[in-house]
Amino acid sequence: MVASAPGRVNLIGEHTDYNGGDVLPIAIAQRTTVAIAPANESVAVSAQQPLLGRFSVAHLAPERRWWDYVGGVAAAFQDSGYEITDFQIAVVSDVPVGAGLSSSAALETATAFALARLFGHDIPPQRLALLGTRAEREFVGVASGIMDQQASALGAAHQAVHIRCDTGAYEHVPFDDAVLIFDTGVRRALADSAFNDRRAECQAALTHLRSLRPSLPSLAAADLDLLREAHLPPPLDRRARHVVTEMARVRAVVDALRVGSTLPGEALFASHESLRVDYECSSPELDAFVARARQTDGITGARLTGAGWGGCAIAVGNPRALATLDDGWITHAAAGARIEHSHV
Ligand code: GLA
């Protein structure tokens, strides 16, 4: 069974997913492809330097290596009652690893699609993506939100995916602009970064706010009036302000795209500023790129994308202007996960 799944960039809605907010990612052209067969079958895989692995489903345990993303999905299948047997896997990918383009989500999502089809489980794409998220959280140990795997599973050509992470409801909105991806080259292991700290800070902010408004469903559902009234201690005040203002920016961008406008780039610059100052998850390399983009004629918006602290930034605008920001490459919204080839 051969399945593939793409990486993603998030157009806007950063650090909102695990706060019950909205996100607006696109799938990118770079993909991860997995070939999976039952362990006892003799198979040949032809590819340049695939990663190879064998999984004994009775002995799945994290080992802090790339195969944890596969083992984690297998464990999530089992824990959810989807029976699978021992299997072997070959993986090839052109999604840059550790760059904030969700190479891990691409691997998890491709694995989930292939395992489901191989072992005869009829599971909808959004649920397969959640099995990938579960692998990330429970097996790999990163308290990430749901965005990356959802983007990889639900992406579509010429469309961005607007996901409401409180309910899981999603819609595709037309988006065909060129997006420049700039890789700072600064690599960051998500598990070791401040990501889990930010998540804890957001939880603490929510607890404070609930002492004023017990019915508040999530941090993303708060508003600026409530934040003013609450006098949250720093840095919780800034973290909460980022989440609340970012929500408004996502909604504004989605409204513009729904009526067929190009992406209002100013919202991207504002998002970056909020991530830099309030969420404190930028880096000098990301800031330098966004500053350069701001000074370039024809560039309408730029921001860091993904968790931050390194990784990638994006810029939008006139394609000729994007090309003058010489580093990086252009992507358009690409197709999501799919079965490539089936022998079953
Ligand atoms: C990482 C996580 C996502 C999301 C982003 C920040 O990519 O995996 O779930 O939280 O950071 O928006």
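Five aromatic pairs are present in this structure; rings of Phe, Tyr and Trp (its six-membered ring) pair if their centres lie within 6.5 Å, with planes under 30 degrees apart counted as stacked, over 60 as edge-to-face and the rest as tilted. The model is predicted: local features need pLDDT of at least 70, side-chain atom pairs count only at pLDDT 80 or more, and totals for chains, interfaces and linings use all residues. Residues are numbered from 1 along each chain as its sequence is written, and side-chain values use heavy atoms, with hydrogens and water left out.

Select Tyr18 and Phe195. Their ring centres are 5.4 Å apart and their planes stand at 65 degrees, so this pair is edge-to-face. Tyr18 sits in the loop between strand E1 (2-12) and strand E2 (22-38), while Phe195 belongs to helix H5 (residues 195-212), 177 residues apart. Helices (H or I, at least four residues) and strands (E, at least two) are DSSP runs, numbered from the N terminus. Tyr18 is buried, at 11% relative accessible area, and Phe195 is buried at 5%; buried means under 20%, exposed over 50% and partly exposed in between (1.4 Å probe, protein chains only).

Next, select Phe55 and Phe87. This aromatic pair is stacked, with 5.0 Å from centre to centre and 15 degrees between the planes. Phe55 is in strand E3 (residues 51-55) and Phe87 in strand E4 (residues 87-93), so the pair ties together parts 32 residues apart in sequence. Both Phe55 and Phe87 are buried.

Finally, display the whole chain. It contains 10 helices and 11 strands, and 55% of its 344 residues are buried. The C-alpha trace spans about 60 × 50 × 35 Å along its principal axes.
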